[in-house]
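Dear colleague,

I am handing over the structure below, followed by what was found in it. Please keep it open while you read.

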Amino acid sequence: MTILVAGGAGYIGSHTVKELVREGFEVLVLDNFSSGRLELIGDTPSLNADLRDREALRRIFQEHEIGAVLHFASLIQVGESYVNPRKYYTHNLETSLNLLDAMLEAGTKALIFSSTAAVYGEPLETPIPESHPTRPANPYGRAKLMVEDILRDYERAHGLRSISLRYFNAAGAALDGTAGECHDPETHLIPNILLGVLGKKPRLQVFGGDFPTPDGTALRDYIHVTDLAAAHVLALKSLLAGGPGDVINLGTEIGHSVLDVIRTAEKVTGRPVPYDLGPRRQGDVAVLLASKAKAGRVLGWKPGLSSLETIVRSAWNWHRQAG
Ligand SMILES: NC(=O)c1ccc[n+]([C@@H]2O[C@H](COP(=O)([O-])OP(=O)(O)OC[C@H]3O[C@@H](n4cnc5c(N)ncnc54)[C@H](O)[C@@H]3O)[C@@H](O)[C@H]2O)c1
């Protein structure tokens, strides 16, 4: 039985592929390589295909005995989703619906879906439990929430069980240095700090110094990408053992401010991080922390690698050698 990993050549997908292979799963990566990179998945079998191509999907499900699917493939830039919502709704809904059609036709009924903290919008309590109201503040988050709703409907109508994992801030790199974060454009804080230190990015712009937080910068819940990957393996095992569909946060409950991250990067790299404090960005909230209680209870998951220092150190090792 093969596990199909859609978007498996991207940042989080490739780290999850490593964990799946390490756990003995037979893995097939499907990616259009729009942002994914072959070198991140080593010699794991892969197909260059697009989830918008229904015929290609049908063929892949005919030619392989696919027991479950992990779906990472998505457009991911929140800022772009404000200015071009159509692109986000069409791409992120079409890819998911096509995948579900192909799964149903082939009788594959287990799916892990990459969802996001962006489904919650402005938090009413912190850390945020999964029962918190979902009022996404941007088209990216709304499209993710729509897919979650579709997945609940597919479970009721077709018995296709899925676990939507709502990630908070994925960060860091494989401890063995074989994979790391490389988005283009890069919008995430830690790579932007480290690329700045390496002279590959301009001075860091910090968005907002007047939030109601101890140092005025936004607090976020950073989670090591290998901890995220491990949670996918646990969620997959749960579905394969007949467990129910669900929605689960992945975070640590610990908040680090932008200035905490900058100070940690200065300590790890031994170099100063030049930055300017600018205005807040549209839709950014002061504090975004996940309750991790459900992930612990349901999956037995513990984020053991997610100290800020381990995250930044692993990312620094990756960016230094990725050149
Ligand atoms: N990075 C984060 O902090 C974060 C936080 C919350 C949620 N997520 C979600 O996690 C998932 C993975 O994020 P990431 O940071 O690894 O992004 P990424 O861009 O590195 O990975 C996405 C992968 O999907 C592939 N892809 C995109 N469209 C495709 C298509 N139509 N057909 C086939 N392949 C396609 C890309 O080539 C890439 O390899 C996304 O769904 C994202 O929304 C990420």
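Strand β9 (residues 219-220) is joined to β12 by two bridges, and these two strands run antiparallel; strands here are DSSP runs (E, at least two residues) and helices likewise (H or I, at least four), numbered from the N terminus. Within this pair, L219 has S257 of β12 as its bridge partner. The open sheet they belong to has three strands in the order β12-β9-β14, with mixed pairing, where two strands pair if DSSP finds at least two bridges between them. β12 (256-257) and β14 (287-288) stand at the edges with a single partner strand each, so one side of each is left without a neighbour in the sheet.

Before going further, please note that this is a predicted model, in which local features need pLDDT of at least 70 and side-chain atom pairs count only at pLDDT 80 or more, while totals for chains, interfaces and linings use all residues. Residues are numbered from 1 along each chain as its sequence is written.

Around the ligand there are 26 residues, of which G7, G10, Y11, G36 and S74 come nearest; a residue is near if its C-beta atom, placed from the backbone, lies within 6 Å of the molecule. The shell divides into 10 nonpolar, 13 polar and three charged residues (Ala, Val, Leu, Ile, Met, Phe, Trp, Tyr, Cys and Pro count as nonpolar, Asp, Glu, Lys and Arg as charged, and the others, Gly among them, as polar). At least two shell residues come from each of α1, β5 (110-116) and β7 (169-171), and α1 gives the most, with three.

Helix α1 (residues 11-22) also packs against helix α7 (residues 225-240), at an angle of about 60° and with the axes 8 Å apart; axes are lines fitted to C-alpha atoms, for helices over the stretch in contact, and angles run from 0 to 180 degrees between N-to-C directions. The two helices are therefore oblique to each other (under 35 degrees is roughly parallel, over 145 roughly antiparallel, 65 to 115 roughly perpendicular, and the rest oblique). Among the residues in this contact are Y11, I12 and H15 in α1 and V225, T226 and L228 in α7, contact meaning that C-beta atoms, placed from the backbone, lie within 7 Å. By class, this contact has eight nonpolar, four polar and two charged residues.

Helix α6 (residues 189-197) and helix α10 (residues 308-322) have axes that come within 10 Å and cross at roughly 50°, which makes α6 oblique to α10. Here I190, P191, L194 and L195 in α6 meet I311, V312, A315, W316 and H319 in α10, and the contact divides into eight nonpolar, one polar and no charged residues.

Best regards

Definitions and conventions:
Contact = placed C-beta atoms within 7 Å.
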